[in-house]
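Here is a note for a colleague who has not seen this structure before. The points can be followed with the sequence and the structure side by side.

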There are 2 protein chains.
Amino acid sequence: MENGNRRRIAIDMDEVLADTLSHYLAEYNREFGENITKDVLARRKLADIIPSERRARLRHYALCDGFFLGIPLMPGSAEVFAELRERYEVFIATAAMEFPTSFNEKYAWIKTHFPDFPDTHIVFCGDKGILASDFLIDDSPRQLARFTGSPFLFSAPHNHAETRYPRLNDWQDVRKQFL
Amino acid sequence: MENGNRRRIAIDMDEVLADTLSHYLAEYNREFGENITKDVLARRKLADIIPSERRARLRHYALCDGFFLGIPLMPGSAEVFAELRERYEVFIATAAMEFPTSFNEKYAWIKTHFPDFPDTHIVFCGDKGILASDFLIDDSPRQLARFTGSPFLFSAPHNHAETRYPRLNDWQDVRKQFL
């Protein structure tokens with residue numbers, strides 16, 4: 001997997017580069033006049049703490065124009081991501097097929113936040129077992145289980161009980177691990 | 001790369017599953033009242049045989065709404081593709097990043113022609129070196145050069161002089177090679 005002397009890292013978008021959960025929270029809080037924070041969700045999924053009749057709203061948000069484009073960067077991601085690009089061959093790999101309406105916005109999101117990131121190194125996929133990479137940083141245990149390189153779990157409330165993979169709690173952990 | 005007992009094949013879309021060149025030709029012939037056939041192009045690129053002032057029209061066609069969705073199947077592809085899916089783990093891998101406006105239509109094209117093909121096995125990428133697959137069938141020598149599995153060149157006029165890779169002239173050749 002060598003490209004010159006650089007090893008390859010594939011990095012997930014939602015919940016890793018992009019703070020998707022905060023964006024769901026912001027939409028939810030705005031619609032229902034609540035003030036749920038990420039801290040409250042430390043070990044729970046958002047869908048599990050809200051009234052069941054409101055759960056369908058979460059998928060609705062993701063299907064609305066502008067949702068994916070409006071997701072903020074994960075705190076600390078931009079700086080460490082830039083440093084990783086100097087030392088590794090970096091791919092952005094996102095399971096875009098889960099929301100096929102999201103292609104254009106996910107592409108625009110990358111171009112907005114990382115304007116010089118090469119199109120050649122963007123992957124929209126479903127099953128990340130297809131990635132030929134030395135490392136994968138992802139919040140999804142299901143994706144890490146299919147990956148054939150070295151998997152790293154990026155912490156998110158939904159994966160707090162997962163113990164099979166080395167865990168990176170935030171982007172400072174990514175820096176410590178890889179830089 | 002085993003998944004159960006099945007080996008993995010990644011298959012390109014444009015000029016392999018999809019007869020993209022015929023679609024360019026149809027658009028060009030319609031606009032300019034010509035009757036250029038694929039036979040005429042046996043060893044030449046379309047861009048090389050048309051007046052230079054018309055070349056920009058080719059890229060224009062690809063940027064028009066409906067172009068990618070309207071591309072016909074490559075002759076013989078549907079039947080052999082179905083047979084491959086019974087024996088291999090098949091991914092469709094397309095360099096969609098070359099035309100970022102094409103994401104939605106490429107996805108819709110797959111759903112139109114192969115409605116039961118799983119989203120998990122669709123890959124929109126740039127550099128196919130990222131594919132972890134036993135085989136790649138592609139018309140692009142540049143992509144095959146980056147691929148780390150066994151490459152197969154699907155014949156197209158633009159690649160007639162390429163000799164580095166095993167060549168598949170049509171979908172009957174794909175059947176003979178893999179089935």
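**Notes on the two-chain model**

1. E162(A) counts as buried because its relative accessibility is 16%; buried means under 20% relative accessible area, exposed over 50%, and partly exposed in between, with a 1.4 Å probe and protein chains only. R164(A) has a relative accessible area of 55%, so R164(A) is exposed. The two residues form a salt bridge whose closest N and O atoms are 2.7 Å apart. A salt bridge here is a side-chain nitrogen of Lys or Arg within 4 Å of a carboxyl oxygen of Asp or Glu.

2. Basis of the values. This is a predicted model, in which local features need pLDDT of at least 70 and side-chain atom pairs count only at pLDDT 80 or more, while totals for chains, interfaces and linings use all residues. Residues are numbered from 1 along each chain as its sequence is written, chains are lettered from A and ligands numbered from 1 in the order in which they are written, and side-chain values use heavy atoms, with hydrogens and water left out.

3. The interface. Contact (heavy atoms within 4.5 Å) joins 24 residues of chain B to 24 residues of chain A. The two chains bury about 2,100 Å² between them, 61% of it on carbon and sulfur atoms; buried area is the accessible area (1.4 Å probe) that two parts lose on being put together, summed over both. Of the area that chain B buries against chain A, 27% comes from M97(B), F103(B) and I130(B), more than any other three residues supply.

4. The rule finds two salt bridges between chain B and chain A. E89(B) is joined to R146(A) by a salt bridge, with 3.3 Å between the closest N and O atoms.

5. Helices (H or I, at least four residues) and strands (E, at least two) are DSSP runs, numbered from the N terminus. Both E89(B) and R8(B) are buried. A network of salt bridges links R8(A), E89(A), D127(B) and R146(B).

6. E98(B) and R142(B) meet through their side chains in a salt bridge of 3.2 Å, N to O. E98(B) lies in the loop between β2 and α5 of chain B, and R142(B) lies in helix α6 (residues 141-146), 44 residues apart. E98(B) is partly exposed because its relative accessible area is 41%, whereas R142(B), at 52%, is exposed. Over all chains the rule counts 34 salt bridges.

7. Aromatic pairs. The count over all chains is 33, where rings of Phe, Tyr and Trp (its six-membered ring) pair if their centres lie within 6.5 Å, with planes under 30 degrees apart counted as stacked, over 60 as edge-to-face and the rest as tilted. F103(A) and F124(B) form a tilted pair, 5.2 Å centre to centre with 55 degrees between the planes. This pair crosses between chains, from helix α5 (residues 103-113) of chain A to strand β3 of chain B. F103(A) counts as buried because its relative accessibility is 0%, and F124(B) is buried for its value of 0%. Ring pairs link F103(A), Y107(A), F124(A), F103(B), Y107(B) and F124(B) into a cluster.

8. Helix α5 of chain B. Which residues of α5(B) are buried? They are F103(B), E105(B), K106(B), Y107(B), W109(B) and I110(B). What covers them includes α5 and β3 (122-124) of chain A, together with β2 and β3 of chain B.
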